[in-house]
Amino acid sequence: MSDFETRVQNVFREVFDNPDLNIYREMQAKHVVGWDSLNHITLIMTLEETFKVKFSTREVMGFQNVGEMMDCLREKLPT
Amino acid sequence: MDLLNLPQAWELADLPFHRLISLGRRIERKDGQPNLRIALLGDAATQHYGQALAATLKLRGWWPEIYEAEFDTIRQEILNPASELYRFDPEVVILFTATQALYHRFARSAEKAAFADSVSSEIVELWKRVRSRSNAILIQHNFVVPLNRPFGNRTASERDTLTSTVTRINQSLLDAASEQGVKIVDTEFQASYHGKRHWLDERLWCQAKQALSPSFIPSLVKNVSDTILVERGAGIKCVIVDLDNTMWGGILAEDGADRLEIGQTELGLAFQRFQIALLELKSRGVLLAVCSKNDQANVTDVLKNHPDMILRWDDFAAVVANFGDKASNILAIREKLNLGLDSFVFLDDTAFERSLIRTAFPAMQVPELSTDPADFISDLARWNLFEGRSATAEDLARLAYYQADDQRQTIREKFHGLDDFIAELGMEAHILPFDSYALPRVLQLVQRSNQFNLTTIRHSEADLRQLAADRDVAAFCIRLADRLGDNGIIATVILRKSGSDAIVDTWIMSCRVLGRRVEDLTVQVMAEKARQLGCRRLVGRYIPTTKNGIVENLYPQQGFAAAGEEGATRVYSLDLGEYRRQSIPIIIHEPEPQT
């Protein structure tokens, strides 16, 4: 797991309050206990604060799975 | 769960949203934890708000039960006498109204000039309906003045803009609230403080009808909980402040009154402005008290005579300045003011003192003061420690009552947990030579220290260098660190060999670390260095000055025997053959001996 993925995973663990949570690209909301629309917003906001990025209105709700979310996030990071 | 690791009330505003929720989830109901039934009605999404408010109240010792009405059903719930709201029989009713919801209504409104009146009278009407059926504490959020600027800088002066409309609604609500006994939560202030650009997150309103980003919800609901709990009798009634580097820059005992930074320097200005903020609190009836490790006479002199002090002697209900432990001193202040421990906030720049007081009195608010005094005012605003009613004549009279009393406190009750606390600090002492790194601070101590200074010999820098190189001299200083941070160099000692005696030429310690057994440690290191010099006796002298009364009995306390007087100077000696090392909870590090 890359450094970047570990940081994303840590955000997931904090937001869903589960220190053993392991993320993978195909993972979707239905695979995670507590990933409802409410916690989704918390997740997005926490990712924004952690990585100092901003998702667009479309992106906020538009990800199909964790892989897409990470790709979108990575593109926003300074290279 | 360890009570000490739980955040205090002031900290709740600073927690990330998910952390607040997760902490709240870990709280289990304790016996006697009071119940609180809260109805939450909103025209914005309320789920994050409800979760966060529940967690906040649990962390503050209450057991909330929250009824969250369906989205945007404020009117139905309040107007229908058979609604869930009234069946729930709430003790608190919160109306969480969002400026974003007004936006669309205002845009469609044909009568823009009358819009403000119509919205505020509608809200006041709802309050009256609630009042007619319930005695609940009624809490109304005011509206955030929006960012739309159709007229640029003239926007606020044009009546037909949402900006001026919202401003007028907020004013009408304030006017009506006192009449109706309604508590207004100042959402507009919160949004301004955190930055409206971030607070009014358009994406979240459009996606999920979120009136604000969850990042700011902990701060908002902290203010809501303050508003509720004040109605239940909570509230800070007294601020206990430290002096050195809290009320002014510098250390009175080391720098002297004329070198303190108050007002005249950049940093001094920051302290002076903080004093103005404290004076505002005093004017509204919050008591101020001083708890300082200092000499009482010196403190009195500064409070009465320093030309740049904003806060004066008369502004304080109690002034306790001595070199005893602050926990016992706070017990003395409490006894004098006769207030519960949860009525106090303690402001001190020193991590050691904060940690001690937090351990000793978990009910007392002990915020983490910034290392930069320029942050104090805005931090206090965010922590919202002083939620409260307006000052009564009685509040203001209270101060005069305390002032009439004697200011000097006698310590009757002693705090007993100090030894345990000190033992768990993980203190580490580094015994250092007078090298080029240590010398500037050693020089400062030698030149400036007045109080914990046995001989007050003002060696010059050249003298110190010479002493450091002399084979018949042992010169060292002590740097102290603990789990709370590095205290820097806090003691310095010079021993001169004279036959089989090691004469203590200089012994200086920073008063900040008094009562942490550094004195005991210093004697132990002195004994060792004296032996290395080939001596059999330590000989100490106390040369009295007007300022060093604090160490008058230090040598006898450390087991030295009286060995005569030379004028006013008292001489003491310690036979190294009889000296026994004590068990001291400080780990000693010494550099490798130079060969």
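On one side of α7(B), Ala113(B), Ala114(B), Ser121(B), Glu122(B), Glu125(B) and Ser132(B) are exposed. The buried residues of α7(B) are Phe115(B), Ala116(B), Val119(B), Ser120(B), Ile123(B), Leu126(B), Trp127(B) and Val130(B). Seen down the helix axis, these fall within an arc of 115 degrees, so they line one face of α7(B). The arc is that of the directions from the helix axis to the C-beta atoms.

This is a predicted model: local features need pLDDT of at least 70, side-chain atom pairs count only at pLDDT 80 or more, and totals for chains, interfaces and linings use all residues. Residues are numbered from 1 along each chain as its sequence is written, while chains are lettered from A and ligands numbered from 1 in the order in which they are written.

The 22 residues of α7(B), 112-133, should span 32 Å at 1.5 Å a residue; the end C-alpha atoms are 33 Å apart, which agrees. The expected span is 1.5 Å times one less than the number of residues. What do the buried residues of α7(B) pack against? They pack against α4 (74-79), β3 (92-96), α6 (99-108), β4 (137-141) and α8 (162-180) of chain B.

## Chain B overall

Chain B has 24 helices and 17 strands. Both are DSSP runs numbered from the N terminus: helices are H or I with at least four residues, strands are E with at least two. Of its 595 residues, 43% count as buried. The C-alpha atoms fill a box of roughly 100 × 50 × 50 Å, taken along the principal axes.

α3(B) has 13 residues and reaches 18 Å from its first C-alpha to its last, close to the 18 Å expected. Of those 13 residues, 12 are buried, so α3(B) is largely enclosed by the rest of the structure. Among them are His48(B), Tyr49(B) and Lys58(B). Just after the helix, Gly61(B) takes a positive phi of about 90 degrees.

The contact between the chains takes 16 residues from chain B and 13 residues from chain A. Two residues are in contact if their C-beta atoms, placed from the backbone, lie within 7 Å. On the chain B side, α2 (17-26), α3 (47-59) and α11 (202-208) each supply at least two residues. α11(B) gives the most, with 5 residues.

β7 (287-293) of chain B pairs with β8(B) in the parallel sense over 5 bridges. Strands pair if DSSP finds at least two bridges between them. Cys291(B) has Val320(B) as its bridge partner.

## An open sheet

Which strands form the open sheet of 8? Their order is β15-β16-β14-β13-β12-β11-β10-β17 (chain B), with mixed pairing. The edge strands are β15 (561-566) and β17 (586-589), each pairing on one side only. β10(B) and β17(B) pair in the parallel sense over 4 bridges. There, Ala429(B) stands opposite Ile588(B).

Notes: A residue is buried if 20 or more other C-beta atoms lie within 10 Å of its own, exposed if 12 or fewer, and partly exposed in between; C-beta atoms are placed from the backbone.
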